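Here's a quick tour of a protein model, written for someone just getting started. Have a look at the sequence and the fold, then read on.

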Amino acid sequence: MLESFLGWWRERQPRERRILAAGTAILLVALVWLLAFEPAWLGRQRLAEELPVQRAALARMASMIEEARALESVAGVAPASGSVRASLEKSLAAAGLDNGVQIEQRGDRYDLRFPSVPFAAWIDWVALSVRESRVRVIDARLTRDPRDGYVAARLSVQASEGGR
């Protein structure tokens, strides 16, 4: 195959060889550019743009870790079950959701039933109570209420161990 190519090459005029060599060189440069240099260049630019965003995220995570450590040291031991219930009742009253709510305790688990509550207020209360009462959500079931923005909710929470 090489011999047939060399024979073909020798049959070309010098001007034709120069044109073919120049075209081949241009083609090789284009391939090197497209396959090696350009992807690396674009990747470097993309990483340079993402780096500040990643650093900001890292800073946020570091501050969250410090906040979690501070809360963990403040939390100390697991709260007594009575204090969890009292904390839940207090936060429900503060959020204005204590009307008609039923709280049932089973060990370190609390089942709360809300007959009809505004969803936005309920979800804000859940987020707040998880942080402040040191409980974790085990199960949540929502049923749409005939009134817009209202739901009937069943929520099961468990007292966290060691404030975690």
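This is a predicted model: local features need pLDDT of at least 70, side-chain atom pairs count only at pLDDT 80 or more; totals for chains, interfaces and linings use all residues.

Residues are numbered from 1 along each chain as its sequence is written, and side-chain values use heavy atoms, with hydrogens and water left out.

**Strands**

- Helices (H or I, at least four residues) and strands (E, at least two) are DSSP runs, numbered from the N terminus.
- Strands E2 and E4 run antiparallel and are joined by 8 bridges; two strands pair if DSSP finds at least two bridges between them.
- Tyr110 has Val157 in E4 as its bridge partner.
- On E3 (residues 135-144), the pairing with E4 is also antiparallel, over 9 bridges, and Asp139 has Ser156 in E4 as its bridge partner.
- E3 and E4 make a hairpin with 5 residues between them, and Gly149 in the turn has a positive phi of about 85°.
- Strand E4 (residues 150-159) is mostly covered, with 7 of its 10 residues buried (buried means under 20% relative accessible area, exposed over 50%, partly exposed in between, using a 1.4 Å probe and protein chains only).

**The core**

- A nonpolar core is a set of buried Ala, Val, Leu, Ile, Met, Phe, Trp, Tyr and Cys residues joined through side-chain atoms within 4.5 Å.
- The largest one has 19 residues, and Leu92, Leu112, Phe114, Trp125 and Leu155 touch the most other members.
- H3, E2, H4 and E4 each give two or more residues to this core, and E4 gives the most, with 5 residues.
- Leaving aside neighbours within four places in sequence, Leu112 is in contact (heavy atoms within 4.5 Å) with residues including Leu92, Val101, Ile103, Trp125 and Leu155.

**Aromatic rings**

- A pair of aromatic rings is described by the distance of the centres and the angle of the planes.
- Rings of Phe, Tyr and Trp (its six-membered ring) pair if their centres lie within 6.5 Å; planes under 30 degrees apart count as stacked, over 60 as edge-to-face and the rest as tilted.
- The whole structure has 7 aromatic pairs.
- One of them is Phe114 with Trp122, edge-to-face at 6.3 Å centre to centre with 80° between the planes, and both residues are buried.
- Phe114 also pairs with Trp125: the centres are 5.7 Å apart and the planes are at 65°, so this pair is edge-to-face.
- That pair links distant parts of the chain, with Phe114 in strand E2 (residues 109-118) and Trp125 in helix H4 (residues 119-132), 11 residues apart.
- Phe114, Phe119, Trp122 and Trp125 form one aromatic cluster.
- Arg147 lies over the face of Tyr150, 3.8 Å from the ring centre (the cut-offs: NZ of Lys or CZ of Arg within 6 Å of the ring centre and within 35 degrees of the ring normal).

**Two residues to look up**

- Ser91 is in helix H3 (residues 81-95) and counts as buried because its relative accessibility is 12%.
- Its side chain makes a polar contact with the side chain of Trp125 at 2.8 Å (a pair of N or O atoms within 3.5 Å; within protein, one must be able to donate a hydrogen and the other to accept it, and residues adjacent in sequence count only if both atoms are side-chain atoms).
- Leu142 lies in strand E3 and, at 42% relative accessibility, counts as partly exposed.
- The C-alpha atoms of Leu142 and Thr24 are separated by 69 Å.
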